[in-house]
Amino acid sequence: MIGLRFESTERIVPAVNLYFYNTMSRQRELFEPLSTDAVRLYTCGPTVYNYAHIGNFRAYVFEDILRRVLQYAGHKVIQVMNLTDVDDKTIRGAQEAGLPLCEYTRPYIEAFFDDIRQLNVEKAEHYPAATDHIPEMITLIGRLFERGLAYASDDGSIYFNVAAFPGYGRPAHIDLSGLRAGARVAQDEYDKERIGDFALWKAWDADDGDVVWDSPWGRGRPGWHLECSAMSMKYLGESFDIHTGGIDNLFPHHANETAQSEGATGKPFVKTWLHCAHLRINGEKMSKSLGNFYTLRDLIGKGWSGREIRYVLINGHYRQTLNFTFDALAAARTTLARLDEFSDRLAVAAGSNAAGGLPEWAVKARTAFDEAVGDDLNIPEALAALFGLVREGNAALDAGSLPPAGAAAVAALLARWDTVLGVLSFGRPDPDAMPAEVRELLEARAAARKAREWGESDRLRDAIAVLGWEVRDTPGGQQCKRA
Ligand code: AMP
Ligand code: ZN
């Protein structure tokens, strides 16, 4: 339904302007939320038939960055991520394992939450499971019948009539000229070559075993696409701000969601669509079906941390494919160590001083960072601003030209940036983190040196050495490292 209008366009003035590339318009647009109280965000979630792989986590980490950038810009976010706990794959998996569906999916749901915690992904406000929302899906099918967009096939399944819905194919920009009237697709996942009426409700057959619900159209189970329409509108309203997913979700899943929702409500479904490109490995999409994947636990088992994996996943623009390599993980480890060292140096230089004004080079870096995150989530550019800050900051510390209040201000800026990046303070390896005791001794030693109490300064250096840390005096002040 091209031409539908969103109801409310009240404006709020965010601290940072955000521009997003909207898949629907194929343009970079200034983001303006539909209402002032919050940004409503729907993110397609995991199908819980197995452990998610790091390709899936590229999508969830991109969505986490989006959420964090919205918050950074002053918005409250209401995010929903569905858990697909009934579809062709979960049913097949449960049958092969000889378990009831909910017992089969439960450990994978728990593993998913464990994994996103390890990746420092902020939790969404709602994680609705498909099996808890069958009545909402049945109501939605009823509305599609009322509007002449649903019909029953001979076996009792219910299909969406694509030809009866003007504008089918959005936001995927699908050319419908090759559409054959009456072609039907029953399976949950199908490809671009197979445009056709898709199942809203699948009549029970023997393959479904005991996975079955009653409906006004007979016993069966919902089609995969329906859950996202029903659950997004339940928690976010019939029109909401942003919907995301990996690019493979764009067609048919997001086209079908849009058709179901707009077909039922007559209102525009989503204002801004964002899709992330794939994580690849050896030049191919990482996927379960190709078998070329690593789960998070595979990589953690090889000695990499969630923090390092997160860094690799954010270190590329979300709309560009990213190639996963172990070299990239090794580089992440080195980079994070450098960031940790800088952050420790700032803490030592700041002591217990309150933050003062930012030095000019940090103000410039702040402008660059804000522009980068506002420019369609350009995290590589934001990281470039961060490295610029580290370079300038280290030079100023070496030269002794960063006063304690300035160091405290730069440290506070880093902390604010980390509300977006989520890699600086989280999951730092303990052995490298400076204990509070060492930090206090360093502060006391800085004071002793200022007062030219050299004997006390040497005594404190020895006390620090006893704790396993080595202090060096440079023109820029003390530098302290694990011995
Ligand atoms: P699924 O569990 O297959 O529905 O996928 C969950 C999410 O991961 C969806 O948003 C997919 O688009 C996304 N996804 C799957 N594979 C990849 C990949 N290799 N790179 C990036 N995102 C992916
Ligand atoms: Zn979805």
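Tutor: Let us begin with the metal site, where the donor residues of the zinc ion (ligand 2) follow the sequence spacing C-x183-C-x24-H. Keep in mind throughout that this is a predicted model.

Student: Which parts of the chain does the pair C44 and H253 link?

Tutor: The pair joins distant parts of the chain, since C44 sits in the loop between β3 (39–43) and α1 (54–72), whereas H253 belongs to helix α6 (residues 250–265), 209 residues apart.

Student: Which atoms are the protein donors of the zinc ion?

Tutor: They are SG of C44, SG of C228 and NE2 of H253, and they lie 2.0 to 2.2 Å from the zinc ion.

Student: Is C44 buried or exposed?

Tutor: Residues under 20% relative accessible area count as buried. C44 is buried because its relative accessible area is 7%, and H253, with a value of 1%, is buried as well.

Student: How should I read a helix, and what span does α11 have?

Tutor: In general, an α-helix has 3.6 residues a turn, so residues three or four places apart point the same way. Here helix α11 (residues 379–399) has 21 residues and reaches 30 Å from its first C-alpha to its last, close to the 30 Å expected at 1.5 Å a residue.

Student: What is found at the start of α11, and what just after it?

Tutor: At the start, a side-chain oxygen of N378 comes to within 3.2 Å of the backbone nitrogen of E381, while just after the helix G400 takes a positive phi of about 70°.

Note on methods
Residues are numbered from 1 along each chain as its sequence is written. Chains are lettered from A and ligands numbered from 1 in the order in which they are written. This is a predicted model: local features need pLDDT of at least 70, side-chain atom pairs count only at pLDDT 80 or more; totals for chains, interfaces and linings use all residues. Side-chain values use heavy atoms; hydrogens and water are left out. Helices (H or I, at least four residues) and strands (E, at least two) are DSSP runs, numbered from the N terminus. The expected span of a helix is 1.5 Å times one less than its number of residues. A polar contact is a pair of N or O atoms within 3.5 Å; within protein, one must be able to donate a hydrogen and the other to accept it, and residues adjacent in sequence count only if both atoms are side-chain atoms. Donors are N, O and S atoms within 2.8 Å of the metal (3.2 Å for Na, K and Ca); water is not among the atoms, so sites may look incomplete. Buried means under 20% relative accessible area, exposed over 50%, partly exposed in between (1.4 Å probe, protein chains only).
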